[in-house]
Amino acid sequence: MDHLAWQDQYALGHGEIDQQHRALLSLLRHLRQAIATSVDSTTIENSLQEIVNETLNHFRDEEKLMGGSNYPGYLGHRAAHQNLEAAMGKLVATFEADPASFTLETVAALGELILHHICEEDQPMVQFLNAPDATAATEGKLTAASLF
């Protein structure tokens with residue numbers, strides 16, 4: 001089974017977040033295919049940079065949602081984003097230093113990091129966001145979103 005193919009178990013029940021997760025997995029599969037078919041390093045670099053950009057945009061969207069709903073796990077989740085961003089930065093630096101060292105195993109490891117984040121970090125956040133009183137409880141109140 002291809003763990004980078006979208007599976008029902010990855011669905012969190014939030015349309016926007018689930019769509020962004022699907023897109024990230026699709027980009028990872030595209031990068032994996034590029035490496036497997038030995039395309040030029042510029043194409044691989046562009047694919048890798050697209051994954052980084054989409055991940056950063058996705059994280060900003062999640063942080064807006066968390067802040068706007070006053071999610072109690074906001075700071076921990078944001079720290080998880082920062083850790084994943086740092087890991088991705090190291091992968092980009094590794095690629096830039098030696099493109100040949102960026103292998104299918106590297107893509108699999110990146111995929112595992114992202115899937116772990118989806119299944120372990122995002123799941124409780126989305127459960128909170130989907131709770132009926134999550135947004136109603138913050139209307140007119142100071143929230144994390146208004147602080148950042």
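A: **Helix packing and salt bridges**

Helices H3 and H4 run roughly antiparallel to each other. That label needs an angle over 145 degrees; under 35 counts as roughly parallel, 65 to 115 as roughly perpendicular, and the rest as oblique. The model is predicted, so local features need pLDDT of at least 70 and side-chain atom pairs pLDDT 80 or more, while totals for chains, interfaces and linings use all residues. Residues are numbered from 1 along each chain as its sequence is written, and side-chain values use heavy atoms, without hydrogens or water.

H3 spans residues 74-97 and H4 residues 104-130. Their axes come within 11 Å and cross at roughly 175 degrees. Axes are lines fitted to C-alpha atoms, for helices over the stretch in contact, with angles from 0 to 180 degrees between N-to-C directions. Helices are DSSP runs (H or I, at least four residues), numbered from the N terminus.

H3 brings His-77, Ala-80, His-81, Leu-84, Ala-87, Met-88 and Leu-91 to the contact (heavy atoms within 4.5 Å). Residues of H4 in the contact include Leu-110, Ile-114, His-117 and Met-125. By class, the contact has nine nonpolar, four polar and two charged residues. Nonpolar covers Ala, Val, Leu, Ile, Met, Phe, Trp, Tyr, Cys and Pro; charged covers Asp, Glu, Lys and Arg; the others, Gly among them, are polar.

Now the charges. The structure holds four salt bridges (a side-chain nitrogen of Lys or Arg within 4 Å of a carboxyl oxygen of Asp or Glu). Arg-60, Glu-63, Arg-78 and Glu-85 are linked in a network of them.

Glu-63 pairs with Arg-60, the closest N and O atoms being 3.2 Å apart. Both sit in helix H2 (residues 41-69), three residues apart, which means a separation of about one helical turn. Glu-63 also pairs with Arg-78, at 3.7 Å between the closest N and O atoms. That pair links distant parts of the chain: Glu-63 is in H2 and Arg-78 in H3, 15 residues apart.

Arg-60 is partly exposed at 32%. Arg-78 is partly exposed too, at 29%.

Asp-2 and Arg-32 form another salt bridge, 2.8 Å from N to O. Asp-2 lies in the segment before helix H1 (15-36) and Arg-32 in H1, so the pair ties together parts 30 residues apart in sequence. Asp-2 is partly exposed at 27%, and Arg-32 is partly exposed at 25%.

Conventions:
Helices (H or I, at least four residues) and strands (E, at least two) are DSSP runs, numbered from the N terminus. Buried means under 20% relative accessible area, exposed over 50%, partly exposed in between (1.4 Å probe, protein chains only).
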